Amino acid sequence: MEKKAQTKGRLVTILSIDGGGIRGIIPSRILANLESKLQELDGPNARIADYFDVIAGTSTGGLITAMLAAPGEDNRPLFNAENITSFYLQHCPQIFPASRRNGFMDMITNVFGGPEYDGKYLKTLVKELLHNLTMSNTLTNVVIPAFDLKRLQPIIFTTKDGKEKISRNALLSDVCLGTSAAPTYFPPHYFETKDEVGKTRSFDLVDGGVAANNPVSIYLVNIYALGFLIYCCFIKLWG
């Protein structure tokens, strides 16, 4: 009986970024330092997305993931890692304003469990940053989990699904707003997509950390789905 040749796997590099709200500045700073070192080795155009087969993130980590993998007009990363650090430093005071819930109606909302922030500034900002880019446009494979309140189950957005299923090819901005809609802090994020026959698919999303704030197992399942035989090299960052 002829013995089949063994198929060898290859090294798969995975960048995993946890949630943490404003603490996203911590992994963004680490990534900026890493990118700087890579540029010393490979030139000034080196970017984090060039070195990872999969970039995955939950909550604020999902936003970092999208910014690292979003393409610009030249099909190179739209943002460098230093831009992401600047994003947190510049915009966090407006995303999480200090003066909040001082009025009577704000106090009533607080008693009945409404979100602490309205999320309007973050929504406008993310839409402006990521334009009309979708999951299928990312420069490397991305995995971003969220939790659907209507279906009461995790929803995992991936580049692979975005390329294969029109209804899962959501705007990157919508996915980011969904995965970062932390309960008690921001309202759920609602959006719709269309499938191949024009049927509407709705999403009512809250923070991916509800299902998997440390979602390494989710990433591994999706990496198998990408067809990789895995010898993994993880770099895991958290806020």
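## Aromatic cluster, pockets and local contacts

Phe 96, Tyr 117, Tyr 185 and Phe 186 form one aromatic cluster. The model is a predicted one, in which local features need pLDDT of at least 70, side-chain atom pairs count only at pLDDT 80 or more, and totals for chains, interfaces and linings use all residues. Residues are numbered from 1 along each chain as its sequence is written, and side-chain values use heavy atoms, with hydrogens and water left out.

### Aromatic pairs

A pair of aromatic rings is described by the distance of the centres and the angle of the planes. Rings of Phe, Tyr and Trp (its six-membered ring) count as a pair if their centres lie within 6.5 Å; planes under 30 degrees apart are called stacked, over 60 edge-to-face and the rest tilted. The count by this rule is 8 aromatic pairs. The rings of Phe 96 and Tyr 117 are edge-to-face, because their planes stand at 85 degrees, with the centres 5.5 Å apart. This pair links distant parts of the chain, 21 residues apart: Phe 96 is in the loop between α3 and α4 (104–111), and Tyr 117 is in the loop between α4 and α5. Helices (H or I, at least four residues) and strands (E, at least two) are DSSP runs, numbered from the N terminus.

Phe 96 also pairs with Phe 186, in a tilted arrangement with 5.6 Å from centre to centre and 55 degrees between the planes. Here the two residues are 90 apart, and Phe 186 lies in the loop between α7 (172–179) and β5.

How buried or exposed are these rings? Buried means under 20% relative accessible area, exposed over 50%, and partly exposed in between (1.4 Å probe, protein chains only). Phe 96 has 22% relative accessibility and so counts as partly exposed. Tyr 117 is buried, at 9%, and Phe 186 is buried with a relative accessible area of 9%.

On a 1 Å grid over the protein atoms alone, a cavity is a set of points where a 1.4 Å probe fits but cannot get out, whereas a pocket is an open set with protein on both sides within 12 Å along at least five of seven lines; lining residues have an atom within 4 Å of a point. Grid points are joined across faces, edges and corners, and a volume is the space filled by probe spheres set on the points.

The largest pocket has a volume of about 360 Å³. The lining divides into 10 nonpolar, 8 polar and 2 charged residues. In this scheme Ala, Val, Leu, Ile, Met, Phe, Trp, Tyr, Cys and Pro are nonpolar, Asp, Glu, Lys and Arg are charged, and the others, Gly among them, are polar.

Helix α2 is largely enclosed by the rest of the structure, because 10 of its 10 residues are buried. Among them are Thr 60, Leu 63, Ile 64 and Met 67.

The second largest pocket has a volume of about 200 Å³. Its lining has 13 residues, and Asp 118, Gly 119, Lys 123, Pro 187 and His 189 lie nearest the centre. At least two lining residues come from each of α5 (120–130) and β5 (189–194), with the largest share, 3 residues, from α5. This lining divides into 7 nonpolar, 3 polar and 3 charged residues.

### Arginines over rings

A charge sits over a ring if NZ of Lys or CZ of Arg is within 6 Å of the ring centre and within 35 degrees of the ring normal.

| Charged residue | Ring | Distance to ring centre |
|---|---|---|
| Arg 151 | Phe 203 | 5.8 Å |
| Arg 168 | Phe 157 | 5.4 Å |

### Aspartates and strand β3

A polar contact is a pair of N or O atoms within 3.5 Å; within protein, one must be able to donate a hydrogen and the other to accept it, and residues adjacent in sequence count only if both atoms are side-chain atoms. Asp 74 lies in the loop between α2 and α3 and counts as exposed, at 57% relative accessibility. A polar atom of the Asp 74 side chain is 3.1 Å from the backbone nitrogen of Arg 76.

Asp 148 is in strand β3 and is buried, with a relative accessible area of 0%. A polar atom of its side chain lies 2.9 Å from the backbone nitrogen of Lys 150. Pro 145 is also found in β3 (residues 141–148), and counts as buried at 0% relative accessibility. The C-alpha atoms of Pro 145 and Ile 156 are separated by 4.3 Å, with the residues 11 apart along the chain.
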